[in-house]
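Here are some notes to read with the model open beside you. I have kept them as numbered points so that you can check each one in your viewer.

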Amino acid sequence: MQNSETVFALEQQTIYVVPAAQRHGRFNDLFTIWFGSNINMLTIVTGALGTTLFGLGAVSALVAIAVGTLLGGVLMALHAAQGARLGVPQMVQTRGQFGAYGAIFVIAVVIVMYIGFFAANSVLAALSIADALHTSHTGLLILGVGALALLAAIYGYDLIHAYSRILTVASGLALVATFFWMFCFGGVSAAALSGGALTASGFVGMLSVAALYQLGYAPYVSDYTRYMPAETGTVPAFWATYTGSVLGSFLPMTLGVLLGLVAPDNVVAGLVRETGTAAPLIVIVFSLSITCNNAMNLYCGTLSVITIVQTFRSRWHPHASARAAISVILFAASLGLALAASADFMHNYENFLLLLLYVLIPWTSINLVDYYLIHKGHYDVDSFFAPDGGRYGTYNAAAITCYSGGILIQIPFVSNDLYTGPVARALGGADISWLVGILLISPVYYLMARHTGRHEMVVLNARV
């Protein structure tokens, strides 16, 4: 546990290897970072999609969420050991699979994801507080919520972890209080719970959204384990991350399912109405949790931007000032998107989630296969920062081919407002593109990597 002097000290590290003398942290930090930051309005609204968008009943929506969360959480949590083992952010480590220049496109996609989640979080927090306090100043609220996140992101790793520990308690209690209030004094009744209907397309759609919600965190994970001692075990790191993220997502999504049944037209306003006089306090707590999540988005986005710039300026060793400046730039971009998206939030958010689905699956499949099956955790970290990519080169054709092919192979299974593939249409609109992507990309990349001799690097890397 860090003392207050360390927590409020400005972090100096950016993308380079964290020295052994600065390593610290315990397994429970991995639980709280994912539990505390997930109990917020965005997670609640995501759960509400099961009953509002997909038309499911309470039981079928909860089953779909549970299955999707449990499956997606496995792939997300498997990234946890990478940060502690290698001591670098997740997107820097991606150079080991894609090459120094080959990783740039993937990193750029992830940066867009961070900005998108920041904007979505800001809108939800502002709308929630506005409803609870009966004010129309959503623009100012978006700015205020974002500014708090910016401050935490600038201070960095230890403050974000400390913030999540506090929110694990505060948001957890607020969630329990909300369930109690709704069942005892609100509109949750047998009649309300009996609404909705089970459809294959709706069930698969909600399952996919829940899985994606977990997979969306995969690029974050190593950023919050890289300060942990190098001897941190893979199994404890996995379970601490997995349980924190799964429980931190499933519980508020359950609340979202209930709100979608009793207030299908406006989930945020429904929460305010259902919690009565406790609404202002509960909404503020959930909104503070959003600022923690947004701090994580800015922090990870900043590290990713630095990674791209360092690719072309290999001698650049940025510290706190550079990280702060880039955080402000990303904050401005996210703020602009948040203000633009607030008019039609739910529709924009659904499309954003589906877009992420198609581009994150190939990356996480390649990354995990390469780390666990090809290199078995042994990488030449110095090569990550070499101008020519060192042992991993500037491009890895196998990874780039699988990544591009992985996106293309999902198209027939895609189902959204913009396009519905022939297979998805035959399945009644059910989108199983993410599952197809994982099942095809993982073995294909493994075989291609072995065929190109990539696995032969393992013996040499193990001596580093």
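1. A word on terms before we start: buried means under 20% relative accessible area, exposed means over 50%, and partly exposed is what lies in between, with a 1.4 Å probe and protein chains only as cover. The model is a predicted one: local features need pLDDT of at least 70 and side-chain atom pairs count only at pLDDT 80 or more, while totals for chains, interfaces and linings use all residues. Residues are numbered from 1 along each chain as its sequence is written, and side-chain values use heavy atoms, with hydrogens and water left out.

2. Let us begin on the surface. Leu71 is partly exposed, at 44% relative accessible area, and belongs to helix H4 (residues 58–77). Helices here are DSSP runs of H or I with at least four residues, numbered from the N terminus. Together with Val59, Val63 and Val67, Leu71 makes up a nonpolar surface patch of about 320 Å² accessible area. For such a patch, nonpolar side chains (Val, Leu, Ile, Met, Phe, Trp, Tyr) with over 30% relative accessible area and no salt bridge are joined within 5 Å; the areas come from the Shrake-Rupley method with a 1.4 Å probe. As background, an α-helix has 3.6 residues a turn, so residues three or four places apart point the same way.

3. H15 (residues 279–312) has 34 residues and spans 50 Å from first to last C-alpha, close to the expected 50 Å; the expected span is 1.5 Å times one less than the number of residues. Because 28 of its 34 residues are buried, H15 is largely enclosed by the rest of the structure. H10 (residues 157–185), with 29 residues, reaches 40 Å, close to the 42 Å expected. H10 also has a kink of about 30° centred on Leu167, the bend being the angle between axes fitted to the seven residues ending there and the seven starting there.

4. How many aromatic pairs does the structure hold? There are 24, counting rings of Phe, Tyr and Trp (its six-membered ring) whose centres lie within 6.5 Å; planes under 30 degrees apart are stacked, over 60 edge-to-face and the rest tilted. Tyr371 and Tyr372 pair edge-to-face, because their planes stand at 75°, with ring centres 4.8 Å apart. Tyr371 is buried at 3%, while Tyr372 is partly exposed at 25%. Elsewhere, ring pairs link a cluster whose members include Trp34, Tyr114, Tyr157 and Tyr299.

5. Now the charges. The whole structure has four salt bridges, each a side-chain nitrogen of Lys or Arg within 4 Å of a carboxyl oxygen of Asp or Glu. One of them joins Glu11 to Arg226 at 3.2 Å, N to O. Glu11 sits in the loop between H1 and H2 and Arg226 in the loop between H12 and H13, so this bridge ties together parts 215 residues apart in sequence. Both Glu11 and Arg226 are buried. Asp380 and Arg391 form another, at 3.6 Å; Asp380 is buried at 10%, whereas Arg391 is partly exposed at 32%.

6. Last, the backbone. Which non-glycine residues have a positive phi? Among them are His134, at about 55°, and Lys376, at about 50°. His134 lies in the loop between H8 and H9 and is exposed, at 71% relative accessibility. Lys376 is in the loop between H17 and H18.

Technical notes
Patch = residues over 30% accessible without salt bridge, like charges linked within 9 Å, V, L, I, M, F, W, Y side chains within 5 Å. Helix = DSSP H or I, 4+ residues; strand = E, 2+ residues; numbered from the N terminus.
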